[in-house]
Amino acid sequence: MLTSVDTDLIRVLADPLRLQIVTLLAQETLCTTHLVEETGAKQTNLSNHLRVLREAGVVETEPCGRFTYYKLRADVIASLAGQFADLAESARTAAGNKRSCP
């Protein structure tokens with residue numbers, strides 16, 4: 001059965017810097033300082049993007065002294081991947097369907 005794809009989450013991940021952050025966090029848990037070094041983004045800009053990712057439920061935070069570490073929520077990414085897999089399966093099944101023009 002086809003499920004609707006989470007368009008809000010797609011919008012969140014469509015930003016190139018946010019996608020880069022997610023890609024980095026897929027490899028390891030990082031603090032803001034690490035992410036600034038890896039991306040070259042300004043700290044304030046990076047913090048704003050991390051807030052968007054956190055509010056969307058894509059990342060979670062882990063305080064560690066004066067630093068905050070960010071961890072990717074794999075279940076959210078897996079859910080989105082599952083939605084796309086459902087969409088692809090529906091497209092395969094409907095490949096022979098063609099609506100005639102009036």
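Visitor: Which residue does R51 form a salt bridge with?

Guide: R51 pairs with E55 in a salt bridge, and their closest N and O atoms are 3.5 Å apart. A salt bridge here is a side-chain nitrogen of Lys or Arg within 4 Å of a carboxyl oxygen of Asp or Glu. This is a predicted model, where local features need pLDDT of at least 70, side-chain atom pairs count only at pLDDT 80 or more, and totals for chains, interfaces and linings use all residues. Residues are numbered from 1 along each chain as its sequence is written, and side-chain values use heavy atoms, with hydrogens and water left out.

Visitor: How are R51 and E55 placed in helix α4?

Guide: They are four residues apart in α4 (residues 43-55), so about one helical turn separates them. Helices (H or I, at least four residues) and strands (E, at least two) are DSSP runs, numbered from the N terminus.

Visitor: Buried or exposed, E55?

Guide: E55 counts as exposed, at 61% relative accessibility, while R51 is partly exposed at 34%. Buried means under 20% relative accessible area, exposed over 50%, and partly exposed in between (1.4 Å probe, protein chains only).

Visitor: How many salt bridges does the structure hold?

Guide: Four. Among them, D8 pairs with R11 at 2.9 Å between the closest N and O atoms, and E89 pairs with R92 at 3.1 Å. D8 and R11 are three residues apart in helix α1, and E89 and R92 are three residues apart in helix α5.

Visitor: Changing topic. What is the strand order in the sheet?

Guide: The sheet is open, with three strands in the order β1-β3-β2 and antiparallel pairing. β1 (30-31) and β2 (59-64) are at the edges with a single partner strand each, so one side of each has no neighbour in the sheet. Two strands pair if DSSP finds at least two bridges between them.

Visitor: How many bridges join β2 to β3?

Guide: Six, and one of the partner pairs is P63 with T68 in β3. Two bridges join β1 to β3 (residues 67-72), where C31 has Y69 as its bridge partner.

Visitor: What sits between β2 and β3 in the hairpin?

Guide: Two residues; G65 in the turn has a positive phi of about 65°.

Visitor: And which helix lies across the strands?

Guide: Helix α2 (residues 16-25) lies across β1, β2 and β3, at about 85° to β3. Axes are lines fitted to C-alpha atoms, for helices over the stretch in contact (heavy atoms within 4.5 Å), and angles run from 0 to 180 degrees between N-to-C directions.
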